[in-house]
Amino acid sequence: MAIVVTEDGRVVVSDAVILMFNRAPLQVRVSRNTDRKLAIRWTLKNIVNGANQTTPAFEYSATLTKSSNRISVYANPDGYPNRFSGKGTCAPRFG
């Protein structure tokens, strides 16, 4: 996953799922951007998987703790009880 914060404060996210279903990186909504945390949200709509199952929307949220570069990502498919999650550490790059 790549999270890019532009000089004007916009945030763009790209990962394999976004590229598969959206075909391009996605500008996301910033719900919090403080000295401590960056919290973002985005939605992928009308997802059809390899078994031809359709999900109207997948709601994603991610929180980055700036001091440790730790990230938590959550995905919730509309209409299903499942909640998917992942955690890791980001490697900041500048330039």
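Author: A definition comes before the answers. Helices (H or I, at least four residues) and strands (E, at least two) are DSSP runs, numbered from the N terminus. This is a predicted model, so local features need pLDDT of at least 70, side-chain atom pairs count only at pLDDT 80 or more, and totals for chains, interfaces and linings use all residues. Residues are numbered from 1 along each chain as its sequence is written, and side-chain values use heavy atoms, with hydrogens and water left out.

Reader: In what order do the elements of the chain run from the N terminus on?

Author: The chain holds 1 helix and 7 strands. From the N terminus on, the order of the elements is β-β-α-β-β-β-β-β.

Reader: In what order do the 7 strands form the open sheet?

Author: Strands pair if DSSP finds at least two bridges between them. The pairing here is antiparallel. The open sheet has the order E1-E2-E3-E4-E5-E6-E7.

Reader: Which are the edge strands?

Author: An edge strand of this sheet pairs on one side only. Neighbouring strands are turned by 25° against each other on average, direction ignored; axes are lines fitted to C-alpha atoms, and angles run from 0 to 180 degrees between N-to-C directions. The edge strands are E1 (2-5) and E7 (84-89).

Reader: Which residue in the turn of the E1 and E2 hairpin has a positive phi?

Author: E1 and E2 (residues 11-14) pair in the antiparallel sense over 4 bridges. Ala-2 stands opposite Ser-14 in E2. The hairpin has 5 residues between its strands. The residue with a positive phi, about 95°, is Gly-9.

Reader: Which residue in E3 does Val-13 stand opposite?

Author: E2 is joined to E3 (residues 26-33) by 3 bridges. The two strands run antiparallel. Opposite Val-13 stands Leu-26.

Reader: Is Ser-61 buried or exposed?

Author: Ser-61 lies in strand E5 (residues 54-65). Buried means under 20% relative accessible area, exposed over 50%, partly exposed in between (1.4 Å probe, protein chains only). The relative accessible area of Ser-61 is 17%, so Ser-61 is buried.

Reader: Which residues is Ser-61 in contact with, leaving aside its neighbours within four places in sequence?

Author: Contact means heavy atoms within 4.5 Å. With neighbours within four places in sequence left aside, the residues in contact with Ser-61 are Ile-40, Arg-41, Ser-72, Val-73 and Tyr-74.

Reader: Is Asn-46 buried or exposed?

Author: Asn-46 is in strand E4 (residues 37-48). Its phi is near 55°, a positive value in a residue other than glycine. With 59% relative accessibility, Asn-46 counts as exposed.

Reader: What is the relative accessible area of Asn-69?

Author: Asn-69 is not a glycine, yet has a positive phi of about 60°. Asn-69 sits in the loop between E5 and strand E6 (70-77). Asn-69 is partly exposed because its relative accessible area is 22%.

Reader: What separates the C-alpha atoms of Lys-37 and Asn-69?

Author: Lys-37 is in strand E4. Lys-37 counts as partly exposed because its relative accessibility is 26%. Residues up to four places away not counted, Lys-37 touches Arg-32, Thr-63, Leu-64, Thr-65 and Lys-66. Lys-37 and Asn-69 are 32 residues apart along the chain, and their C-alpha atoms are separated by 9.4 Å.

Reader: How far apart in space are Cys-90 and Ala-62, C-alpha to C-alpha?

Author: Cys-90 is in the segment after E7, and counts as partly exposed at 26% relative accessibility. Beyond its neighbours within four places in sequence, Cys-90 is in contact with Leu-64, Asn-69 and Ile-71. Cys-90 and Ala-62 are 28 residues apart in sequence; in space, C-alpha to C-alpha, they are apart by 12 Å.

Reader: What percentage of the residues of the chain count as buried?

Author: The C-alpha atoms fill a box of roughly 40 × 25 × 20 Å, taken along the principal axes. Of the contacts with a separation of 6 or more, 22% come from residues 24 or more positions apart. Among the 95 residues of the chain, the buried share is 27%.
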